[in-house]
Amino acid sequence: MSNVHVMDHPLIQHKIGIIRREETGSKDFRMMIGEIAMLMCYEATRDLKLQDVEIQTPICKMTAKELAGKKLAVVPILRAGLGMVEGMLAMIPAAKVGHIGLFRDPKTLEPVEYYCKLPADCEEREVFVVDPMLATGGSCIAAIQMLKNRGVKNIRFMCIIAAPEGVKKLQEAHPDVEVYIGALDEKLNEHGYIVPGLGDAGDRIFGTK
């Protein structure tokens, strides 16, 4: 599991505890999802490369650090992934944002693409695919494949809560993708929901049922 990183930061764990609670309403849930995404983004960008740059301070010239190489992009999987975008942009405001829409075919249960809009130079960027929940793994595996088909080579996946079954499938399908998880839960139930989980993240973010 060397490419799977489960976050152990106390602030992340505390906030995940709040969004798991049944009594947490949409407003607080939405705010917390953004805050968790921001904290996870901080942790997940730890290994970004730096380069030296000459600058002038009010006192003198010096060599400072700046991000090197690839620019970043954030690609939420619609619709629940939208809840994580603002938190990511708080950390990396210059990132471009793409969107991927998938739905599950009721007969085959396979993910079907209905929307994909990416930044024009996406293949040159380090892309963070975000979705609060990694359950069966079907959506994120399909979304990552859509990006690869469009020439994207540097992909990371970030979710707040994951089931072991989904993590295993994602690793098997895309062993080259770094995976960042807020909490690794126990299992999936017979309906494909994560246990203990937090219910349907999209419904809780947008107040729908």
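A: **The binding site and its pocket**

The side chain of Asp 200 reaches the backbone nitrogen of Asp 203 at 2.8 Å, a polar contact in the sense of a pair of N or O atoms within 3.5 Å, one able to donate a hydrogen and the other to accept it, where residues adjacent in sequence count only if both atoms are side-chain atoms. The model is predicted, so local features need pLDDT of at least 70 and side-chain atom pairs count only at pLDDT 80 or more, while totals for chains, interfaces and linings use all residues. Residues are numbered from 1 along each chain as its sequence is written, and side-chain values use heavy atoms, with hydrogens and water left out.

Asp 200 lies in the loop between β13 and α6 (201–206) and is partly exposed, at a relative accessible area of 31%, the class between buried (under 20%) and exposed (over 50%) with a 1.4 Å probe and protein chains only. Beyond its neighbours within four places in sequence, Asp 200 is in contact with Arg 79 and Tyr 193, contact meaning heavy atoms within 4.5 Å.

An unreviewed UniProt entry lists Ile 194, Gly 199, Asp 200 and Ala 201 under "binding site", an annotation that may be inferred rather than shown by experiment. The lining of the largest pocket includes Ile 194, Gly 199, Asp 200 and Ala 201.

How values were computed
On a 1 Å grid over the protein atoms alone, a cavity is a set of points where a 1.4 Å probe fits but cannot get out, and a pocket is an open set with protein on both sides within 12 Å along at least five of seven lines; lining residues have an atom within 4 Å of a point. Helices (H or I, at least four residues) and strands (E, at least two) are DSSP runs, numbered from the N terminus.
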